[in-house]
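Hi there,

Here is the structure I promised to pass on. Have a look at it first, and my notes follow just below.

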Amino acid sequence: MSAGMQTVEKRSSVQNGVSRLALTAVSIILEAAVIVLIVLRLNDYAEWIAIGTRILAAFLVLAIYAQNTTSAMKIPWIILIMMLPVLGVTLYLLIGFSGSTRTMRKRYAEIDEILLPKLPENAGVLSRLREKNGHLGNIARYVQGNSGYPVYQNTDIEYYDDGAAGLEAQKTELRKAEQFIFMEYHAIEDAESWHGIQEILEEKAKAGVEVRVFYDDMGSIGFINTDFVKRMEGKGIRCRVFNPFAPGLKVFLNNRDHRKITVVDGKVGFTGGYNLANEYFHVTEPFGFWKDTGIKLTGDAVKSLTVTFLEMWNAVKDGDRDDADFDQYLPDNPYHAQQTGFIQPYADSPMDEEQVGEEVYISVAESAENYVWFITPYLIITDEMTHALSLAAKRGVDVRIITPGIPDKKMVYSMTRSFYGGLVRNGVRIFEYTPGFCHCKMSVSDDRVATCGTINLDYRSLYHHFENGCLYYDCQAVLDTKRDFEDTFAQCKEVTEEYRTGRGQFLRPKQLVLRLIAPLL
């Protein structure tokens, strides 16, 4: 189907059995309402309880203010708690924690202490990159120092400008698997696109290949029945679910696994924006043409993708049988790359206080000399990110952002547009992708560096979700990424002037409220 076609299907045409989600959401709302009502009744019953509630709210406000995070994440909670103490405190305790429980933090830290040291330091590779370009070398050093993921050479990278092309390449490599297959995705839809993959996985499992599939329950809740894990296990495919969505006061509920990774034998790896559902591959088109992208890595850098998968697989649940021998999945495969560029896959986690995904984007913008372009499905950013993009534009850098022309979530789309005005007044150019919905998450700058992965320019990706991405420097894939951007600009409507001087420059009352609560959603 051509990219110029408009929406040809309604949302209802996509499988979306959300009864469990609806039941759980209602349950959580009722739980919160019951807590609020109980506290309010107690406040009426005894003045000292009301005073205690206000004191608790005050201490919580001070604790939030003292957190080592951006002010955009603090202010909405502070305002809500000060205006409506009982409701604000209840909601914060339910969904406001950015890093969740102490138990989960400890579990991830323990797994990372085992896995991350198994990655090579590659000090020589980093030195060569820094000698070639100090700015890019410093970005690579930041990523390695704060996430544990090194920069590599001896790795070939191939860029796919469409999710369907990436999927076909994945299926080709899956058929070659001899030892193991690891797949981790935010969303899997039990439909045609997945069935084509499942058929290959079943064949490989029968042939003795170890096959593991890992998915996020929230991302897949409208696409998968509750017996999916049992059916996969029955076919020889080991399967785990991240953070099952269920009624209860779960402070870990707010953190989801948004990563997208496939690893075959530790030799070949894939990542990018697309999940394993029909709409990503044009089987269904509820929002017009779905624009998504991905990359394939072959060589040394695949180790980092393998470690990222093993982290989640082994940390997700305390009662699971975890791996005792990681080294068997991290072999030193002999490989001679055709390319000479630098590749750096990395992961970001809400279990620490380092926003690696956001800092990478900021660093790319700050190091840009001629141009820096971004594409994201959602644009809901912090003051720090806004400042970096605006300052780059003021320095004379060509700063552009592509967002969807057809939204998948109207409320989020309204939030996205509310950020246009402040950016365009500082020289940033905004483009909307008219054929449909652009779900890819990428940046490219100065023909030297690009990123591709799962990290949106929004609070959920940057602060709440488990994410992964890949930096690539001075290789053909950077130029391929740039070329795709140029082709995509040709299919966009530039809305810069509308939001600089037209009606779009004024925020509507709904947008003012949405901007305030955006970090809470």
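Asp-227 is partly exposed because its relative accessibility is 35%, where buried means under 20% relative accessible area, exposed over 50%, and partly exposed in between (1.4 Å probe, protein chains only). Asp-227 pairs with Arg-231 in a salt bridge, with 3.5 Å between the closest N and O atoms; the term stands for a side-chain nitrogen of Lys or Arg within 4 Å of a carboxyl oxygen of Asp or Glu. Arg-231 is likewise partly exposed, at 28% relative accessibility. Elsewhere, salt bridges with shared partners link Glu-210, Arg-212, Arg-238 and Asp-323 into one network.

Before going on, please keep in mind that this is a predicted model, in which local features need pLDDT of at least 70 and side-chain atom pairs count only at pLDDT 80 or more, while totals for chains, interfaces and linings use all residues. Residues are numbered from 1 along each chain as its sequence is written, and side-chain values use heavy atoms, with hydrogens and water left out.

Back to the charged pairs. The salt bridge count comes to 23.

Another salt bridge joins Glu-173 and Lys-176, whose closest N and O atoms are 3.5 Å apart. Glu-173 is buried, with 9% relative accessible area.

Now to the surface. Ile-75, Ile-79, Met-83, Leu-84 and Leu-87 make up a nonpolar patch with about 430 Å² of accessible area together. Patches take residues with over 30% relative accessible area and no salt bridge, joining like charges within 9 Å and nonpolar side chains (Val, Leu, Ile, Met, Phe, Trp, Tyr) within 5 Å; the areas come from the Shrake-Rupley method with a 1.4 Å probe, and for residues only the protein chains shown count as cover. Helix α3 (residues 71–83) supplies the largest share of the patch, three residues. Ile-75 belongs to helix α3 and counts as partly exposed at 43% relative accessibility.

Finally, the cavities: there are two of 30 Å³ or more. A cavity is a set of points, on a 1 Å grid over the protein atoms alone, where a 1.4 Å probe fits but cannot get out, and lining residues have an atom within 4 Å of a point. The largest cavity holds about 40 Å³ of space. Its lining includes Asp-348, Pro-350, Glu-354 and Tyr-463, and helix α17 (residues 459–464) gives the most to that lining, with four residues.

The second largest cavity has a volume of about 30 Å³. Among the residues lining the second largest cavity are Pro-377, Asp-408, Lys-409 and Phe-437. Helix α15 (residues 410–418) contributes the largest share of that lining, three residues.

Best wishes

Methods. On a 1 Å grid over the protein atoms alone, a cavity is a set of points where a 1.4 Å probe fits but cannot get out, and a pocket is an open set with protein on both sides within 12 Å along at least five of seven lines; lining residues have an atom within 4 Å of a point. Grid points are joined across faces, edges and corners, and a volume is the space filled by probe spheres set on the points. Helices (H or I, at least four residues) and strands (E, at least two) are DSSP runs, numbered from the N terminus.
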